[in-house]
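The sequence and structure come before the discussion.

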Amino acid sequence: MPRLLGRHADAQFSFHSTRMRMRAVSAAELRAMNAQRERCVIEVADADPEVILYACLVALMAGGPGEHRRVESLVAEQLATGDSAALVRSSAGALVEGLKALGARRIGLVMPYLRPLAEQVVSYLEHEGFTIADWRALEVGDNTEVGCIPGARIMAAARSMELEAVDALVLSCCVQMPSLDLIEPAEQEFGIPVLSAATAAAYSILRALRLPIAIPGAGGLLRADEKQKEEVA
């Protein structure tokens, strides 16, 4: 997120974070991680941010359909009790928002998760009205290893998919899996919009703050306002 928003020409950002502890990306550890939410909200709210992002996508999608709305509402309620007016977003909700902003209905997904969790992500997005045309799970269960997955492996998974009738490709359904440097080249290679949980989260943050959506080198979603200007011209 610092790399993405640091490219914005019209605003400067400070970043404040707190970590919900997790070692293995499993259903049990995700539940234990989610149980730390209230502590983390208190810690990060001390910095008086304008926006708070619940960054783990699968932690919410594993909770069942619509979970991002429920959790965003609970975080907002907790913040309100402490007189914080911070806006609340989640990477899970942002991915839904970003796909809808692109007008995408048929989606391709690349995920680092073990297959049972990947199937929950597919089900979650289908419940949001999307058709998952094809998907790949890299089956990496160690949370630290997820952050070290080589870009070549991610692109190999994408190239193995049927993308002819796909409206958009989510190259990483996880903010932990490195994909930022792949977004723009993948968009050029496949000829369709390419996004990630991280680029969608940046989009949602900028929309919440009513800032221009104009970040270079991170895919078409983050050039939305530039495209509108081009169309008008």
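## Cysteines

A search of the whole structure finds zero disulfides, a disulfide being a pair of cysteine sulfur atoms within 2.5 Å. The sulfur of C148 has its closest cysteine sulfur in C174, 12 Å away, which is too far for a bond. C174 is likewise in no disulfide, and the nearest cysteine sulfur to it, that of C56, lies 6.5 Å away. C148 is exposed, at 58% relative accessible area, whereas C174 is buried, at 11%. Here buried means under 20% relative accessible area, exposed over 50%, and partly exposed in between, with a 1.4 Å probe and protein chains only.

## Basis of the values

The model is predicted: local features need pLDDT of at least 70 and side-chain atom pairs count only at pLDDT 80 or more, while totals for chains, interfaces and linings use all residues. Residues are numbered from 1 along each chain as its sequence is written, and side-chain values use heavy atoms, with hydrogens and water left out.

Helix α6 spans residues 91-101 and is mostly covered, with eight of its eleven residues buried. The buried residues are S91, A92, G93, A94, L95, V96, G98 and L99. G103 follows α6 and has a positive phi, near 70 degrees. Helices (H or I, at least four residues) and strands (E, at least two) are DSSP runs, numbered from the N terminus.

Two packed helices are described by the angle between their axes and the distance between the axes. The axes of α6 and α11 (residues 197-208) are 8 Å apart, and the packing angle is about 85 degrees. Axes are lines fitted to C-alpha atoms, for helices over the stretch in contact, and angles run from 0 to 180 degrees between N-to-C directions. α6 and α11 are therefore roughly perpendicular to each other; angles under 35 degrees count as roughly parallel, over 145 as roughly antiparallel, 65 to 115 as roughly perpendicular and the rest as oblique. On the α6 side the contact (heavy atoms within 4.5 Å) is made by S91, A94, L95, E97 and A101, and on the α11 side by A197, A200, A201, Y203, S204 and R207. By class, this contact of α6 with α11 has seven nonpolar, two polar and two charged residues. Ala, Val, Leu, Ile, Met, Phe, Trp, Tyr, Cys and Pro count as nonpolar, Asp, Glu, Lys and Arg as charged, and the others, Gly among them, as polar.

Helix α9 (residues 151-159) and helix α10 (residues 180-190) have axes that come within 12 Å and cross at roughly 25 degrees. α9 and α10 are therefore roughly parallel to each other, and their crossing is right-handed. A crossing is left-handed if the near helix is turned anticlockwise from the far one by less than a right angle, and right-handed if clockwise. G151, I154, M155, A158 and R159 of α9 meet L182, A186, E189 and F190 of α10. The contact of α9 with α10 holds six nonpolar, one polar and two charged residues.

The axes of helix α3 (residues 37-45) and α5 come within 10 Å, crossing at roughly 50 degrees. α3 and α5 are therefore oblique to each other, and α3 passes α5 in a right-handed crossing. From α3, R37, E38, V41, I42 and A45 meet V71, L74, V75, Q78 and L79 of α5. Seven nonpolar, one polar and two charged residues make up the contact of α3 with α5.

## Positive phi outside glycine

D83 is not a glycine, yet has a positive phi of about 60 degrees. D83 is in the loop between α5 (67-81) and β2 (87-90) and is exposed, with a relative accessible area of 75%. E139, also not a glycine, has a positive phi of about 60 degrees. E139 is in the loop between β4 (131-137) and α8 (143-146) and counts as partly exposed, at 44% relative accessibility.

T18 lies in the loop between α1 (2-5) and α2 (27-34) and is partly exposed, with a relative accessible area of 29%. Leaving aside residues up to four places away in sequence, T18 touches R39, C40, E43 and V44. The C-alpha atoms of T18 and I42 are separated by 9.6 Å, the two residues being 24 residues apart along the chain.

P116 is in helix α7 (residues 115-127) and counts as exposed, at 55% relative accessibility. P116 and A27 are 89 residues apart along the chain, and their C-alpha atoms are separated by 9.0 Å.
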